[in-house]
Amino acid sequence: MSENNNLSVSAAQACVLGFAETDGSEEIPLERALGRVLAEDVRANRDQPPYDVSAMDGFAVRSADLATGGVLLTVIEDIKAGDLPKKTVASGQCARIMTGAPVPPGADAVIRVEDTRMLTDDSVEITVPVKAGNDIRVRGENMRHGDVVLHAGTEITPGVIGLLATVKRARVNVHRRPRVAILSSGDELEALEAPFDADKIPESNSHALMAQLQALGIEPVRLGIARDDPAELAGFLRQGLDYDVLLVSGGSSVGVHDHVRPTLEALGVAMHFWRVEMKPGHPLAFGTRGGTLVFGLPGNPVSSMVCFEQFVLPALRRRMGHPALFRRTVTATLAHLLKHRPGRMEFIRVTLATEANGRLRATSTGAQSSGDLCSMARADGLLVVPAESGNLAAGDLVQVQLLDGSLYQRTAGFVEEAA
Ligand code: AMP
Ligand code: MG
């Protein structure tokens, strides 16, 4: 399986996505649906609006009566939204009408109240001329009965929620969200809850990963910290393999204490690759058992987060039914020299600022050590240096992957030679 070593980022993404299938659906109440992905086409349950309605508070009139301004009309009826008109408007007549109320028979235009003057309780002067169709929203102009108004694969945003309520969908079919477990491994790690010990390494990866998952709408389970002991590790990994996705942090490289890969294999996990040509994040293992995806993420805190962004995030979005799997990338102007030796794709933590000309300007957060979370905490995005690139100069246009926000795209957005 050594040919699966040292994959390019694109090849590794393709491998992971080849094993990530979209999960089935479940029916949930609308009030719990924000952020989920529709697993069905949704159709309009009637014409909307259901009849010609007024777009304004005003008077429903016959435009033929109103070729000029300054005409007097008799008010025959008051029509509120939700009422049905009882009378037909004849020549010389009008009906008072509220926004959203049905236009009565006989009338073919609405004149807003601001363009009228009441003379008595039932006599109104129309001060401006009006054309047929004025301020009328026509039956079915928003949607027609039976039209697909939302396609399967649509992410449920607040606007989508409003539309679903409009077509009376109190329950909707959405893709299931995968159940995800996180396991940290390493003798040196000290849990957040444990008393401070200056000789230990604070365990942070499970917390950062949990937050990355929560940002995608997934509530993961943290299994704890496994010591670098094959038997203890196996116990934890067995639990983790009951989930749809298992993230193991640390222990995946080739040191004598790195037991994750052999232990996973002993538990029946087929390993597909364990090294990717990227920086940070070189040791990255990926395997599957049945439908379960297992990621052996690097222990270094920045590497763990960057690998999550490139491989775990697209796989999870695929499972949840999103058509756009990848973080949005933007073009920015590099603020300074960036040294790079051709070989591995590099992800540089940068801040972004908008220049006077409207372009984004990318500035490195400083030291890019894969152990230094300060750089990650400050970053707006990851500047992608293509594997084959040499040094980048100040003023060069670069691609930056945005680290948060709700915009995603269908392709990874960086160009790279296939390995
Ligand atoms: P490893 O991949 O196990 O060789 O770990 C690489 C480095 O990452 C070591 O310095 C570890 O102490 C550190 N590390 C591993 N796991 C974690 C974790 N869960 N939280 C913070 N640092 C970690
Ligand atoms: Mg370790």
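Which residues does R327 touch, not counting residues up to four places away in sequence? I looked this up first. R327 touches E309, L313, Q401, L402, L403, D404, G405, L407, Y408 and Q409. Contact here means heavy atoms within 4.5 Å.

A note on what I am reading. This is a predicted model, where local features need pLDDT of at least 70 and side-chain atom pairs count only at pLDDT 80 or more, while totals for chains, interfaces and linings use all residues. Residues are numbered from 1 along each chain as its sequence is written, chains are lettered from A and ligands numbered from 1 in the order written, and side-chain values use heavy atoms, with hydrogens and water left out.

**R327**

I placed R327 in strand β22, residues 326-327. Strands are DSSP runs of E with at least two residues, helices are runs of H or I with at least four, and both are numbered from the N terminus. R327 counts as buried because its relative accessibility is 8%. Buried means under 20% relative accessible area, exposed over 50%, and partly exposed in between, with a 1.4 Å probe and protein chains only. I then checked its side chain. It makes a polar contact of 2.7 Å with the side chain of E309. It also reaches the backbone oxygen of L403 at 3.0 Å. A polar contact is a pair of N or O atoms within 3.5 Å; within protein, one must be able to donate a hydrogen and the other to accept it, and residues adjacent in sequence count only if both atoms are side-chain atoms.

**Helix α6 and the cores**

I went on to the largest nonpolar core, which has 43 residues. Such a core is a set of buried Ala, Val, Leu, Ile, Met, Phe, Trp, Tyr and Cys residues joined through side-chain atoms within 4.5 Å. L247, F295, F308, F311 and L316 have the most contacts inside it. Helix α6, residues 301-319, gives the largest share, ten residues. Another core lies apart, with 19 residues, including F236 and L267.

Is α6 enclosed or open? I found 18 of its 19 residues buried, so α6 is largely enclosed by the rest of the structure. The helix bends by about 45 degrees at F308. I took the bend as the angle between axes fitted to the seven residues ending there and the seven starting there. Just after α6, G321 takes a positive phi of about 95 degrees.

**S375**

Last, I looked at S375, in helix α7, residues 373-378. S375 counts as buried because its relative accessibility is 1%. Its side chain joins that of R349 in a polar contact of 3.1 Å.
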